[in-house]
Amino acid sequence: MKIAVEGCMHGELDKVYDTMRRLEEAEGIKIDLLICCGDFQAVRNESDLHCVNVKPKYRTMNSFWKYYSGQAVAPYPTIFIGGNHEASNYLWELYYGGWAAPNIYFLGFAGVVKFGNIRIGGMSGIHKQNDYYSGHHERPPYSEGNKISVYHVRHYDVLKLMHVKEPLDIFISHDWPVGITEYGNWQKLIQQKRHFEEEVRTRTLGSQSAAKLLSKLKPPYWFSAHLHCKFPAIIQHGEDGPTTKFLALDKCIPRRNFLQVLDIPSNPGPYEIQYDEEWLAITRRFHSVFPLTRAPFRMNEELDIQNDRQWVRSKLNARGAKPFDFVQTAPPFNPSMPVDNPPAAVHCRNPQTESFLQFLQLPYLLDSSNSGGVNRNASSSQPAHPLNNDDIELPDEIEDDEDDE
(Lines give C-alpha, C1' and ligand atoms only; values in the text may rest on other atoms or scores of the structure.)
Protein backbone atom coordinates (compact mmCIF):
# COMPACT_ATOMS: atom_id res chain seq x y z
CA MET A 1 0.00 0.00 0.00
CA LYS A 2 1.03 3.62 -0.43
CA ILE A 3 1.25 5.49 2.86
CA ALA A 4 1.77 9.23 3.07
CA VAL A 5 3.68 10.35 6.16
CA GLU A 6 3.38 13.93 7.38
CA GLY A 7 5.41 15.66 10.10
CA CYS A 8 3.68 18.30 12.24
CA MET A 9 0.16 19.06 11.02
CA HIS A 10 -0.58 22.19 13.11
CA GLY A 11 -4.22 21.98 12.08
CA GLU A 12 -3.52 22.46 8.37
CA LEU A 13 -5.61 19.53 7.14
CA ASP A 14 -6.90 21.35 4.07
CA LYS A 15 -3.37 22.08 2.87
CA VAL A 16 -2.05 18.57 3.51
CA TYR A 17 -4.99 16.83 1.84
CA ASP A 18 -4.73 19.21 -1.13
CA THR A 19 -1.00 18.45 -1.44
CA MET A 20 -1.77 14.72 -1.44
CA ARG A 21 -4.37 15.11 -4.19
CA ARG A 22 -1.94 17.07 -6.38
CA LEU A 23 0.75 14.49 -5.73
CA GLU A 24 -1.58 11.69 -6.79
CA GLU A 25 -2.41 13.54 -10.02
CA ALA A 26 1.23 14.33 -10.79
CA GLU A 27 2.54 10.82 -10.05
CA GLY A 28 -0.47 8.79 -11.21
CA ILE A 29 -0.76 7.01 -7.87
CA LYS A 30 -3.41 6.30 -5.24
CA ILE A 31 -2.55 6.98 -1.60
CA ASP A 32 -4.17 4.56 0.83
CA LEU A 33 -3.42 6.17 4.21
CA LEU A 34 -2.09 9.33 5.83
CA ILE A 35 -0.03 9.11 9.02
CA CYS A 36 0.62 12.30 11.01
CA CYS A 37 3.43 12.35 13.58
CA GLY A 38 1.93 14.82 16.05
CA ASP A 39 1.06 18.47 16.68
CA PHE A 40 -2.11 17.54 14.85
CA GLN A 41 -4.22 20.17 16.66
CA ALA A 42 -7.67 18.58 16.65
CA VAL A 43 -9.22 21.92 17.67
CA ARG A 44 -13.02 21.83 17.51
CA ASN A 45 -13.85 25.29 18.86
CA GLU A 46 -12.51 28.27 20.81
CA SER A 47 -12.56 26.41 24.16
CA ASP A 48 -10.29 23.72 22.69
CA LEU A 49 -7.99 26.39 21.29
CA HIS A 50 -7.33 27.72 24.80
CA CYS A 51 -6.14 24.24 25.84
CA VAL A 52 -3.37 24.25 23.23
CA ASN A 53 0.04 25.21 24.61
CA VAL A 54 0.90 28.02 22.19
CA LYS A 55 1.39 31.73 22.65
CA PRO A 56 -1.83 33.71 22.10
CA LYS A 57 -0.56 35.20 18.84
CA TYR A 58 -0.35 31.68 17.37
CA ARG A 59 -3.89 30.66 18.36
CA THR A 60 -5.72 30.07 15.10
CA MET A 61 -8.58 27.67 14.35
CA ASN A 62 -7.07 26.39 11.08
CA SER A 63 -9.13 23.65 9.43
CA PHE A 64 -9.72 20.59 11.65
CA TRP A 65 -13.09 21.95 12.81
CA LYS A 66 -14.46 21.56 9.28
CA TYR A 67 -13.85 17.79 9.40
CA TYR A 68 -15.19 17.52 12.94
CA SER A 69 -18.39 19.40 12.06
CA GLY A 70 -19.04 17.45 8.86
CA GLN A 71 -18.55 20.45 6.61
CA ALA A 72 -15.66 18.50 5.04
CA VAL A 73 -14.79 14.80 4.97
CA ALA A 74 -11.23 13.48 5.16
CA PRO A 75 -10.48 12.12 1.66
CA TYR A 76 -7.95 9.63 3.04
CA PRO A 77 -8.04 7.44 6.15
CA THR A 78 -5.88 9.37 8.62
CA ILE A 79 -4.08 8.13 11.73
CA PHE A 80 -2.37 10.58 14.07
CA ILE A 81 -0.63 10.80 17.41
CA GLY A 82 -0.42 13.78 19.76
CA GLY A 83 2.55 16.10 20.08
CA ASN A 84 3.23 19.07 22.35
CA HIS A 85 0.78 21.50 20.72
CA GLU A 86 -2.60 19.81 21.03
CA ALA A 87 -6.17 20.33 22.22
CA SER A 88 -5.29 18.01 25.08
CA ASN A 89 -8.78 18.17 26.59
CA TYR A 90 -10.19 16.50 23.47
CA LEU A 91 -7.40 13.94 23.18
CA TRP A 92 -7.92 12.99 26.85
CA GLU A 93 -11.53 12.08 25.99
CA LEU A 94 -10.00 9.59 23.53
CA TYR A 95 -7.11 8.43 25.72
CA TYR A 96 -7.42 4.84 24.43
CA GLY A 97 -7.77 5.99 20.82
CA GLY A 98 -10.79 6.72 18.67
CA TRP A 99 -12.25 8.81 15.87
CA ALA A 100 -11.43 12.49 16.35
CA ALA A 101 -13.56 13.12 13.25
CA PRO A 102 -14.99 10.82 10.59
CA ASN A 103 -12.12 8.96 8.88
CA ILE A 104 -9.55 10.61 11.21
CA TYR A 105 -8.32 8.26 13.95
CA PHE A 106 -6.35 9.25 17.05
CA LEU A 107 -4.04 6.41 18.06
CA GLY A 108 -4.34 7.32 21.74
CA PHE A 109 -1.73 8.33 24.29
CA ALA A 110 -0.23 4.96 23.34
CA GLY A 111 -1.75 2.45 20.98
CA VAL A 112 -1.62 -0.14 18.24
CA VAL A 113 -4.13 -0.62 15.42
CA LYS A 114 -4.30 -2.55 12.18
CA PHE A 115 -4.76 -1.03 8.75
CA GLY A 116 -5.35 -4.00 6.49
CA ASN A 117 -2.65 -6.41 7.61
CA ILE A 118 -0.25 -3.60 8.61
CA ARG A 119 0.24 -3.10 12.36
CA ILE A 120 0.81 0.52 13.36
CA GLY A 121 1.89 1.49 16.86
CA GLY A 122 2.52 4.89 18.34
CA MET A 123 3.10 7.07 21.37
CA SER A 124 1.83 10.61 21.84
CA GLY A 125 3.62 13.49 23.53
CA ILE A 126 7.24 14.34 24.25
CA HIS A 127 9.65 13.13 26.92
CA LYS A 128 10.28 15.22 30.04
CA GLN A 129 12.04 13.40 32.82
CA ASN A 130 10.41 15.37 35.64
CA ASP A 131 6.97 14.04 34.67
CA TYR A 132 7.92 10.63 33.29
CA TYR A 133 7.01 8.60 36.39
CA SER A 134 3.96 10.68 37.35
CA GLY A 135 0.45 9.44 36.80
CA HIS A 136 -1.97 11.13 34.42
CA HIS A 137 -3.17 13.64 36.99
CA GLU A 138 -4.12 16.55 34.68
CA ARG A 139 -7.82 17.31 34.14
CA PRO A 140 -9.46 20.16 32.23
CA PRO A 141 -9.79 23.03 32.85
CA TYR A 142 -5.99 23.05 32.89
CA SER A 143 -3.67 25.28 34.86
CA GLU A 144 -0.85 26.73 32.77
CA GLY A 145 1.51 24.11 34.19
CA ASN A 146 -0.86 21.21 33.51
CA LYS A 147 -1.45 22.49 29.98
CA ILE A 148 2.23 21.59 29.43
CA SER A 149 2.66 18.47 31.56
CA VAL A 150 -0.45 16.76 30.16
CA TYR A 151 1.41 15.91 26.94
CA HIS A 152 4.56 14.59 28.62
CA VAL A 153 5.13 10.88 28.02
CA ARG A 154 4.48 8.62 31.04
CA HIS A 155 6.19 5.43 32.13
CA TYR A 156 2.81 3.69 32.32
CA ASP A 157 2.17 4.12 28.59
CA VAL A 158 5.73 3.16 27.64
CA LEU A 159 5.46 0.05 29.81
CA LYS A 160 2.33 -1.03 27.94
CA LEU A 161 4.10 -0.60 24.61
CA MET A 162 7.09 -2.56 25.92
CA HIS A 163 4.71 -5.53 26.30
CA VAL A 164 4.00 -5.69 22.57
CA LYS A 165 5.58 -8.93 21.35
CA GLU A 166 4.11 -9.46 17.90
CA PRO A 167 5.96 -7.60 15.13
CA LEU A 168 4.92 -4.06 14.31
CA ASP A 169 5.30 -2.73 10.79
CA ILE A 170 5.29 0.99 11.66
CA PHE A 171 5.84 2.99 14.83
CA ILE A 172 5.13 6.71 15.27
CA SER A 173 6.52 9.08 17.90
CA HIS A 174 6.48 12.86 18.04
CA ASP A 175 10.01 13.43 19.27
CA TRP A 176 12.96 11.42 17.97
CA PRO A 177 14.54 8.49 19.80
CA VAL A 178 17.65 9.74 21.54
CA GLY A 179 20.79 8.67 19.68
CA ILE A 180 19.03 8.35 16.32
CA THR A 181 21.31 11.00 14.82
CA GLU A 182 24.23 8.54 15.02
CA TYR A 183 22.61 6.50 12.24
CA GLY A 184 22.12 9.32 9.75
CA ASN A 185 23.94 12.36 8.38
CA TRP A 186 24.17 14.32 11.63
CA GLN A 187 26.78 16.65 10.14
CA LYS A 188 24.25 17.87 7.58
CA LEU A 189 21.63 18.15 10.33
CA ILE A 190 23.69 20.50 12.47
CA GLN A 191 24.54 22.60 9.43
CA GLN A 192 20.80 23.17 9.01
CA LYS A 193 20.00 23.37 12.73
CA ARG A 194 23.10 24.72 14.45
CA HIS A 195 21.42 24.91 17.85
CA PHE A 196 21.19 21.08 17.81
CA GLU A 197 24.95 20.60 17.79
CA GLU A 198 25.60 20.37 21.52
CA GLU A 199 22.71 17.93 22.09
CA VAL A 200 23.77 15.79 19.13
CA ARG A 201 27.36 15.60 20.38
CA THR A 202 26.32 14.87 23.97
CA ARG A 203 23.64 12.37 22.86
CA THR A 204 20.83 14.24 24.56
CA LEU A 205 18.76 15.20 21.51
CA GLY A 206 15.51 13.28 21.62
CA SER A 207 13.56 10.91 23.85
CA GLN A 208 15.07 8.17 25.97
CA SER A 209 11.70 6.42 26.25
CA ALA A 210 11.39 6.35 22.45
CA ALA A 211 14.91 4.92 22.24
CA LYS A 212 13.91 2.11 24.63
CA LEU A 213 10.94 1.29 22.44
CA LEU A 214 13.01 1.37 19.27
CA SER A 215 15.47 -1.10 20.79
CA LYS A 216 12.65 -3.38 22.00
CA LEU A 217 10.17 -3.26 19.11
CA LYS A 218 12.57 -2.99 16.14
CA PRO A 219 9.88 -2.04 13.61
CA PRO A 220 10.79 -1.84 9.91
CA TYR A 221 9.64 1.81 9.84
CA TRP A 222 9.70 4.55 12.48
CA PHE A 223 8.33 8.04 11.77
CA SER A 224 8.73 11.21 13.87
CA ALA A 225 8.39 14.99 13.68
CA HIS A 226 8.78 17.71 16.39
CA LEU A 227 12.15 19.21 15.37
CA HIS A 228 10.83 20.74 12.13
CA CYS A 229 13.32 19.24 9.71
CA LYS A 230 13.72 16.16 7.54
CA PHE A 231 16.13 13.52 8.81
CA PRO A 232 16.44 9.94 7.50
CA ALA A 233 18.43 7.19 9.18
CA ILE A 234 18.82 3.41 9.03
CA ILE A 235 19.32 1.48 12.25
CA GLN A 236 20.85 -2.00 12.22
CA HIS A 237 19.75 -3.92 15.32
CA GLY A 238 22.75 -6.13 16.03
CA GLU A 239 25.11 -7.71 13.54
CA ASP A 240 22.51 -9.98 11.95
CA GLY A 241 19.38 -8.34 13.29
CA PRO A 242 16.58 -6.49 11.52
CA THR A 243 16.82 -2.90 10.32
CA THR A 244 14.60 0.10 11.02
CA LYS A 245 14.18 2.87 8.47
CA PHE A 246 13.71 6.10 10.41
CA LEU A 247 12.26 9.25 8.90
CA ALA A 248 11.52 12.58 10.57
CA LEU A 249 9.62 15.23 8.63
CA ASP A 250 8.97 18.97 8.89
CA LYS A 251 5.82 20.99 9.57
CA CYS A 252 3.32 21.90 6.87
CA ILE A 253 4.64 25.14 5.39
CA PRO A 254 5.72 25.96 1.81
CA ARG A 255 9.05 24.71 0.49
CA ARG A 256 9.63 22.42 3.47
CA ASN A 257 9.89 18.62 3.52
CA PHE A 258 6.69 17.86 5.41
CA LEU A 259 5.25 14.98 3.34
CA GLN A 260 6.60 11.76 1.88
CA VAL A 261 4.88 8.75 0.29
CA LEU A 262 6.25 5.26 0.88
CA ASP A 263 5.39 1.84 -0.54
CA ILE A 264 4.76 -0.59 2.33
CA PRO A 265 4.42 -4.31 1.50
CA SER A 266 0.88 -5.45 2.33
CA ASN A 267 -1.99 -7.68 1.33
CA PRO A 268 -4.37 -6.35 -1.33
CA GLY A 269 -7.06 -3.90 -0.19
CA PRO A 270 -9.60 -2.66 0.58
CA TYR A 271 -8.14 -1.49 3.88
CA GLU A 272 -9.78 -0.21 7.05
CA ILE A 273 -8.66 0.73 10.55
CA GLN A 274 -9.33 -2.02 13.08
CA TYR A 275 -8.61 -2.80 16.72
CA ASP A 276 -5.52 -4.91 17.43
CA GLU A 277 -6.08 -8.03 19.52
CA GLU A 278 -2.74 -7.99 21.35
CA TRP A 279 -3.05 -4.31 22.21
CA LEU A 280 -6.58 -4.71 23.61
CA ALA A 281 -5.29 -7.52 25.82
CA ILE A 282 -2.45 -5.32 27.07
CA THR A 283 -4.88 -2.46 27.71
CA ARG A 284 -7.13 -4.76 29.71
CA ARG A 285 -4.27 -6.25 31.69
CA PHE A 286 -2.91 -2.86 32.77
CA HIS A 287 -6.16 -1.05 33.45
CA SER A 288 -6.25 -1.94 37.16
CA VAL A 289 -3.02 0.01 37.76
CA PHE A 290 -3.84 3.07 35.63
CA PRO A 291 -2.04 5.85 37.58
CA LEU A 292 -4.21 8.95 37.79
CA THR A 293 -2.47 11.05 40.45
CA ARG A 294 0.89 12.80 40.78
CA ALA A 295 2.19 9.86 42.82
CA PRO A 296 5.15 8.11 41.13
CA PHE A 297 4.31 4.95 39.22
CA ARG A 298 7.18 2.53 38.69
CA MET A 299 6.97 -1.07 37.58
CA ASN A 300 9.59 -3.28 36.00
CA GLU A 301 8.01 -6.67 35.62
CA GLU A 302 6.82 -8.52 32.54
CA LEU A 303 3.19 -9.50 32.72
CA ASP A 304 1.46 -12.47 31.17
CA ILE A 305 -1.44 -11.38 28.97
CA GLN A 306 -2.42 -14.78 27.55
CA ASN A 307 -5.66 -15.10 29.52
CA ASP A 308 -6.62 -11.58 28.51
CA ARG A 309 -5.64 -12.35 24.92
CA GLN A 310 -7.99 -15.32 24.74
CA TRP A 311 -10.79 -13.32 26.33
CA VAL A 312 -10.31 -10.43 23.88
CA ARG A 313 -10.18 -12.81 20.93
CA SER A 314 -13.58 -14.25 21.80
CA LYS A 315 -15.03 -10.76 22.15
CA LEU A 316 -13.60 -9.62 18.80
CA ASN A 317 -14.87 -12.77 17.11
CA ALA A 318 -18.35 -11.99 18.40
CA ARG A 319 -18.42 -8.24 17.68
CA GLY A 320 -15.77 -7.61 15.02
CA ALA A 321 -12.71 -5.35 15.20
CA LYS A 322 -14.13 -2.14 13.75
CA PRO A 323 -13.73 0.82 16.16
CA PHE A 324 -16.87 2.32 17.67
CA ASP A 325 -18.51 5.09 15.67
CA PHE A 326 -17.56 8.76 15.86
CA VAL A 327 -19.74 10.99 18.06
CA GLN A 328 -19.52 14.77 18.46
CA THR A 329 -19.07 15.82 22.09
CA ALA A 330 -18.65 19.59 21.71
CA PRO A 331 -20.16 22.23 19.40
CA PRO A 332 -17.94 22.94 16.39
CA PHE A 333 -16.50 26.36 15.61
CA ASN A 334 -18.91 28.66 13.78
CA PRO A 335 -16.94 31.19 11.69
CA SER A 336 -20.01 33.43 11.38
CA MET A 337 -20.35 33.59 15.19
CA PRO A 338 -16.85 33.56 16.73
CA VAL A 339 -16.63 33.47 20.53
CA ASP A 340 -14.17 35.94 22.07
CA ASN A 341 -14.39 34.63 25.64
CA PRO A 342 -15.19 30.93 25.39
CA PRO A 343 -16.11 28.86 28.46
CA ALA A 344 -13.29 26.87 30.01
CA ALA A 345 -13.05 23.32 28.73
CA VAL A 346 -14.25 20.61 31.11
CA HIS A 347 -14.01 16.84 30.85
CA CYS A 348 -16.62 15.10 28.75
CA ARG A 349 -17.22 11.38 28.67
CA ASN A 350 -16.86 10.48 25.02
CA PRO A 351 -19.37 7.77 23.99
CA GLN A 352 -16.65 6.06 21.93
CA THR A 353 -14.49 5.67 25.02
CA GLU A 354 -17.43 4.53 27.13
CA SER A 355 -18.35 1.90 24.53
CA PHE A 356 -14.72 0.78 24.25
CA LEU A 357 -14.42 0.27 28.01
CA GLN A 358 -17.79 -1.48 28.20
CA PHE A 359 -16.62 -3.79 25.42
CA LEU A 360 -13.53 -4.68 27.49
CA GLN A 361 -15.64 -4.74 30.69
CA LEU A 362 -13.49 -2.12 32.36
CA PRO A 363 -14.50 0.83 34.59
CA TYR A 364 -14.33 4.40 33.29
CA LEU A 365 -11.53 6.26 35.11
CA LEU A 366 -10.65 9.30 32.98
CA ASP A 367 -12.66 11.72 35.12
CA SER A 368 -11.27 10.32 38.38
CA SER A 369 -10.21 13.03 40.82
CA ASN A 370 -9.56 10.69 43.74
CA SER A 371 -6.41 12.07 45.37
CA GLY A 372 -5.75 8.66 46.83
CA GLY A 373 -5.57 7.11 43.40
CA VAL A 374 -7.50 4.42 41.62
CA ASN A 375 -8.63 1.18 43.18
CA ARG A 376 -5.89 -0.96 41.71
CA ASN A 377 -8.04 -4.07 41.94
CA ALA A 378 -11.11 -2.54 40.33
CA SER A 379 -13.39 -5.36 39.33
CA SER A 380 -15.56 -6.05 36.33
CA SER A 381 -17.68 -9.01 35.27
CA GLN A 382 -14.46 -10.54 33.91
CA PRO A 383 -11.89 -8.95 36.21
CA ALA A 384 -8.46 -8.05 34.97
CA HIS A 385 -5.68 -9.49 37.09
CA PRO A 386 -4.54 -7.32 40.03
CA LEU A 387 -0.94 -6.20 39.81
CA ASN A 388 1.69 -5.46 42.39
CA ASN A 389 3.11 -1.97 42.02
CA ASP A 390 6.59 -2.87 43.14
CA ASP A 391 8.56 0.33 43.55
CA ILE A 392 11.42 -0.82 41.36
CA GLU A 393 13.80 1.85 40.16
CA LEU A 394 14.61 1.85 36.46
CA PRO A 395 17.83 3.28 35.03
CA ASP A 396 17.94 7.05 35.07
CA GLU A 397 16.80 8.63 31.83
CA ILE A 398 18.39 11.52 30.00
CA GLU A 399 16.23 14.60 30.19
CA ASP A 400 15.14 16.06 26.89
CA ASP A 401 15.64 19.79 27.17
CA GLU A 402 13.96 20.57 23.85
CA ASP A 403 11.88 23.67 24.53
CA ASP A 404 8.16 22.91 24.81
CA GLU A 405 7.47 26.03 22.80
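Which strands does helix 11 lie across, and at about what angle does helix 11 run to strand 6? Helix 11 lies across strand 6, strand 7 and strand 13, and runs at about 155° to strand 6. The helices (H or I, at least four residues) and strands (E, at least two) named here are DSSP runs numbered from the N terminus.

**Before selecting**

This is a predicted model, in which local features need pLDDT of at least 70 and side-chain atom pairs count only at pLDDT 80 or more, while totals for chains, interfaces and linings use all residues. Residues are numbered from 1 along each chain as its sequence is written, and side-chain values use heavy atoms, with hydrogens and water left out.

Colour the protein chain by pLDDT, the predictor's confidence in each residue, from 0 to 100. The mean pLDDT of the chain is 91, and 91% of its residues reach 70 or more. Then select residues 370-405, where the pLDDT is below 50; beyond near neighbours in sequence, this stretch has 91 contacts in the model. A contact means heavy atoms within 4.5 Å.

Select the open sheet with the strand order 10-11-9-8-7-6-13, whose pairing is mixed. Two strands pair if DSSP finds at least two bridges between them. Strand 10 (231-236) and strand 13 (273-275) stand at the edges with a single partner strand each, so one side of each has no neighbour in the sheet. On average, and with direction ignored, neighbouring strands here are turned by 25° against each other.

Within this sheet, select strand 6 (residues 110-115) and strand 7 (residues 118-123), which run antiparallel and are joined by 6 bridges. G111 stands opposite G122 of strand 7.

Two packed helices are described by the angle between their axes and the distance between the axes. Axes are lines fitted to C-alpha atoms, for helices over the stretch in contact, and angles run from 0 to 180 degrees between N-to-C directions.

Select helix 7 (residues 155-162) with helix 11 (residues 277-286): they pack at an angle of about 135°, and their axes are 10 Å apart. That angle makes helix 7 oblique to helix 11; angles under 35 degrees count as roughly parallel, over 145 as roughly antiparallel, 65 to 115 as roughly perpendicular and the rest as oblique. The crossing of the two is right-handed; a crossing is left-handed if the near helix is turned anticlockwise from the far one by less than a right angle, and right-handed if clockwise. Show the side chains of Y156, L159, K160 and L161 in helix 7 and of W279, I282, T283 and F286 in helix 11, which make the contact. These residues divide into 6 nonpolar, 1 polar and 1 charged. Ala, Val, Leu, Ile, Met, Phe, Trp, Tyr, Cys and Pro count as nonpolar, Asp, Glu, Lys and Arg as charged, and the others, Gly among them, as polar.

The contact of helix 11 with helix 12 has 5 nonpolar, no polar and 7 charged residues.

V158, L161 and M162 of helix 7 make the contact with S209, K212, L213, K216 and L217 of helix 10. By class, this contact holds 5 nonpolar, 1 polar and 2 charged residues.

Strand 3 (residues 78-80) and strand 5 (residues 104-106) run parallel and are joined by 3 bridges; I79 has Y105 in strand 5 as its bridge partner.

**Last stop: backbone details in loops**

Most residues other than glycine have a negative phi, and most peptide bonds are trans. Select N103, in the loop between strand 4 and strand 5: N103 is not a glycine, yet has a positive phi of about 70°. The peptide bond from P140 to P141 is cis, with omega near 0°, and P141 is found in the loop between helix 5 (129-132) and helix 6 (144-149). Finally, a cis peptide bond with omega of about 5° joins G269 and P270; P270 is found in the loop between strand 12 and strand 13.
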